[in-house]
Structures are given as C-alpha cells and as structure tokens.
Amino acid sequence: MSSPDPAPSTEPRTPAVLSAAQAKRIRSSATGLLIAVAVSLAAIIPVLLLSPAQRAETYRPAVDVPAIAAQAAPAAGFRPVAAMPAGWSANYARFNAGSGSGVPNWEIGYVSEDQQFIALTQAAARRANPTWIAQATENAPVTSDRTVAGQRFELRDKGGTKSLIGTVGGSVVILRGSASDAALTTLAAAVVADLHAAGTPGSTPVPTAPASTAAAS
C-alpha cells in the first residue's frame with residue numbers, strides 16, 4: 001500500500017533578498033529609462049512649440065485670379081471677372097467648356113474676410129439661357145430685385161442659399177451662397193466695378209423663361 005502524502009509545510013517562507021549588485025543593476029536600468037524618456041521629450045517639445053498654429057488659412061491655396069482670368073479669356077469669348085474685394089481670397093478659379101450644359105462659363109470660389117463662401121459663375125449673355133440659370137441656382141424662385149452700384153440684380157432664394165443674377169455688358173453673372181446680404185453686396189459691387197473698368201458698361205435684363213401664350217381660336 002502507498003504511504004499517505006506528507007502534510008504541507010506550514011513554515012513561513014523566507015522572502016527573497018536582492019544582493020547589492022542586483023539592486024544596483026535595477027536602479028541603473030530604471031534611471032536609464034527615465035533619461036531616455038527625458039531626452040525624447042526635450043527633442044519633441046521645442047518642435048511643437050515652434051510650429052505655427054494650425055489655422056484654416058494655412059492650408060488655403062494661393063489662387064492668382066487675374067492671371068487665370070487672363071489665360072481663360074481667349075477661350076471664354078467674354079472678359080472673365082477678376083474682382084477681389086479687400087481682405088477676400090479665392091480658393092479656386094477655372095474655366096468650364098460647358099460640355100454638359102452647352103454654356104461655357106467662368107467660375108471663382110470666393111472666401112470673404114469673415115470666412116463666408118460665395119461662388120461666382122459667369123457666362124456670355126448670348127449663351128446664358130433661362131434653363132442654364134435655373135440649373136445654376138438649383139431652380140430657386142425669384143424673390144425680389146436688388147440694385148448694387150447702379151446695376152440691377154435679380155435675387156433668388158432657396159433654403160437660405162441666395163443668388164444674385166445680373167447681366168453686365170455682354171455677360172451674365174451669378175453670385176450664389178449662404179453668405180450674408182452684406183457679403184453678397186460687397187462682392188456684387190466689386191464685380192460691377194471690375195467689369196465697368198474693363199470697358200463693358202451697361203446692363204440688359206436677366207434672361208427669363210418666355211411667357212406662354214394662348215393659341216388663337
């Protein structure tokens with residue numbers, strides 16, 4: 001027969017004691033780790049402090065609207081707007097051949113001094129038709145007229161997005177955005193002044209859809 005298992009020992013275990021050499025090595029490793037962390041922070045913190053604050057204007061591309069407008073003029077068939085109110089900027093300026101709409105047009109994305117966005121679209125008056133204007137303004141209804149710098153504009157509003165539409169000289173200009181009335185007026189005045197300075201004064205009515213007539217009986 002097998003003998004019974006010995007009873008477990010109840011004597012307390014003696015705690016492990018580190019030698020002086022072992023304790024010194026542990027302290028050296030901890031000290032080395034702290035020094036490495038401190039050196040890394042010392043290298044990173046000055047870079048973060050010297051970096052400029054990340055602001056929206058830091059990433060805004062520099063768009064030379066007059067230069068791009070001059071390049072687009074021969075293809076446009078009209079004098080593209082190159083106005084830039086003081087303190088404003090543009091985040092794009094481009095000419096569209098109008099392959100989809102059949103209406104070649106010039107576009108600028110304006111950013112006001114107080115960071116409001118307004119899109120400008122310009123086309124030759126002989127090409128801008130009521131259907132194209134309705135599409136460019138997302139079929140917004142006409143709400144009123146407005147005169148800016150002696151120029152009549154038609155005001156359309158849909159869901160807070162307003163459009164000012166005016167025919168200056170030989171081109172139709174559409175200013176569209178959810179910007180304030182003051183910002184829209186500022187840009188409209190700059191556009192009128194720009195086109196008048198270019199020798200295209202005068203205005204013609206904004207193209208509208210022809211009224212239907214009853215057939216004679």
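**Questions on a predicted model**

Me: How many bridges join β5 to β6?
Reply: This is a predicted model. In it, β5 and β6 run antiparallel. The number of bridges joining β5 to β6 is five.

Me: What is the strand order of the open sheet?
Reply: The sheet has seven strands, with antiparallel pairing. β1 and β4 (142-148) stand at the edges, so one side of each has no neighbour in the sheet. Neighbouring strands are turned by 20° against each other on average, direction ignored. The order reads β1-β2-β3-β7-β6-β5-β4.

Me: What pattern does the protein chain follow along the sequence?
Reply: The secondary structure comes to four helices and seven strands. Read along the sequence, these give α-α-β-β-β-α-β-β-β-β-α.

Me: Which residues have the most contacts inside the largest nonpolar core?
Reply: This core has 33 residues. Elements giving two or more residues to it include α2 (65-76), β1 (89-96) and α4 (181-197). The largest share, eight residues, comes from α4. The residues with the most contacts inside the core are Val81, Trp106, Leu120 and Leu175.

Me: Which residues are among those in the other core?
Reply: Another core lies apart from the largest one.

Me: Is Asn105 buried or exposed?
Reply: Asn105 is found in strand β2 (residues 105-111). Its contacts beyond four places in sequence include Phe78, Arg94, Thr121 and Trp132. Its relative accessible area is 6%, and buried means under 20%, so Asn105 counts as buried.

Me: Which residue's backbone oxygen lies 2.9 Å from a polar atom of the side chain of Asn105?
Reply: A polar contact needs a pair of N or O atoms within 3.5 Å. The distance here is 2.9 Å, and the backbone oxygen belongs to Val103.

Me: What share of the 217 residues in the protein chain is buried?
Reply: The chain exposes about 13,400 Å². Carbon and sulfur atoms supply 59% of that area. Of the 217 residues, the buried share is 33%.

Terms used
Residues are numbered from 1 along each chain as its sequence is written. This is a predicted model: local features need pLDDT of at least 70, side-chain atom pairs count only at pLDDT 80 or more; totals for chains, interfaces and linings use all residues. Side-chain values use heavy atoms; hydrogens and water are left out. Buried means under 20% relative accessible area, exposed over 50%, partly exposed in between (1.4 Å probe, protein chains only). A polar contact is a pair of N or O atoms within 3.5 Å; within protein, one must be able to donate a hydrogen and the other to accept it, and residues adjacent in sequence count only if both atoms are side-chain atoms. Contact means heavy atoms within 4.5 Å. Accessible areas come from the Shrake-Rupley method with a 1.4 Å probe; for residues, only the protein chains shown count as cover. A nonpolar core is a set of buried Ala, Val, Leu, Ile, Met, Phe, Trp, Tyr and Cys residues joined through side-chain atoms within 4.5 Å. Two strands pair if DSSP finds at least two bridges between them. Axes are lines fitted to C-alpha atoms, for helices over the stretch in contact, and angles run from 0 to 180 degrees between N-to-C directions.
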